[in-house]
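Please give a short report on this chain.

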Amino acid sequence: MANRIKVRGITVEINGDTTGLQKSLESIDKNIRNTQSQLKDVEKLLKLDPTNTELLAQKQRLLGEAVHDTQDRLESLRTASEKAAETKDKYDDWKAKYDPIKEKINETSEELKNLKEQSKKANEQLSNGKISQEEYNNLQNKVKETSDKLKDLKKSAEDVSEEFGHPISQEQ
């Protein structure tokens, strides 16, 4: 599950996936570009009538919006940077817990693959009378136990990632 950071109505997700951050920054950048465009229009009109108080007030409002949007962008980037630094610091602890589980997942996956192949062969052997129903059932039980073990290992891996907040490596 991703960590969520909410800054002035902008939600940023941090978990190594920066799409949430990119979308929020794109939204802020769009507001900044829109404000800049409006400011250019007001500047053109002010050149024609520099004493127009309504245009001056509108320019002041637009400049305030530009400052606010820039502050939002800076705060989003600062928060994302802090969160990334936190998860980077947790990476080594997470890796020490996660790697042995991942290794077991790989071993169990391979074991399950082999058992499923044996199960296919045993199915043919059972229909030809080469093995007993009891041997076949024992193999099917092993397949189920190994499959359940794999599910438990995957859940453990996810729990470890949740515990450490889906940390990122220094390279990431």
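Why does Trp 94 count as buried? Its relative accessibility is 13%, so Trp 94 falls in the buried class, where buried means under 20% relative accessible area, exposed over 50% and partly exposed in between, with a 1.4 Å probe and protein chains only.

This is a predicted model, in which local features need pLDDT of at least 70, side-chain atom pairs count only at pLDDT 80 or more, and totals for chains, interfaces and linings use all residues. Residues are numbered from 1 along each chain as its sequence is written, and side-chain values use heavy atoms, with hydrogens and water left out.

**Overall layout**

The chain has 3 helices and 2 strands. Helices (H or I, at least four residues) and strands (E, at least two) are DSSP runs, numbered from the N terminus. Along the sequence the order is β-β-α-α-α. Of the 172 residues, 29% are buried. The accessible surface is about 12,000 Å², computed by the Shrake-Rupley method with a 1.4 Å probe. Carbon and sulfur atoms hold 47% of that surface. Contact means heavy atoms within 4.5 Å. Among contacts between residues at least 6 apart in sequence, 67% join residues at least 24 apart.

**Cores**

A nonpolar core is a set of buried Ala, Val, Leu, Ile, Met, Phe, Trp, Tyr and Cys residues joined through side-chain atoms within 4.5 Å. The largest one has 17 residues. Trp 94, Tyr 98, Ile 101 and Ala 157 are among those with the most contacts inside it. Helices α2 and α3 (133-163) each supply at least two residues of this core. The largest share, 8 residues, comes from α2. A second, separate core of 5 residues includes Leu 39, Leu 46, Leu 55 and Leu 62.

**Aromatic cluster**

Rings of Phe, Tyr and Trp (its six-membered ring) pair if their centres lie within 6.5 Å; planes under 30 degrees apart count as stacked, over 60 as edge-to-face and the rest as tilted. The count is 2 aromatic pairs.

| Pair | Centre to centre | Angle between planes | Type |
|---|---|---|---|
| Tyr 91 and Trp 94 | 5.5 Å | 40° | tilted |
| Trp 94 and Tyr 98 | 4.5 Å | 20° | stacked |

These pairs link Tyr 91, Trp 94 and Tyr 98 into a cluster. Tyr 91 and Trp 94 lie in helix α2, 3 residues apart. Trp 94 and Tyr 98 lie in α2 too, 4 residues apart. Tyr 98 counts as buried because its relative accessibility is 18%.

**Contacts beyond sequence neighbours**

Leaving out residues up to four places away in sequence, Tyr 98 touches Ala 157, Val 160 and Ser 161. Ser 119 sits in helix α2 (residues 53-127). Its relative accessibility is 12%, so Ser 119 counts as buried. Beyond its neighbours within four places, Ser 119 contacts Tyr 136, Leu 139, Gln 140 and Val 143.
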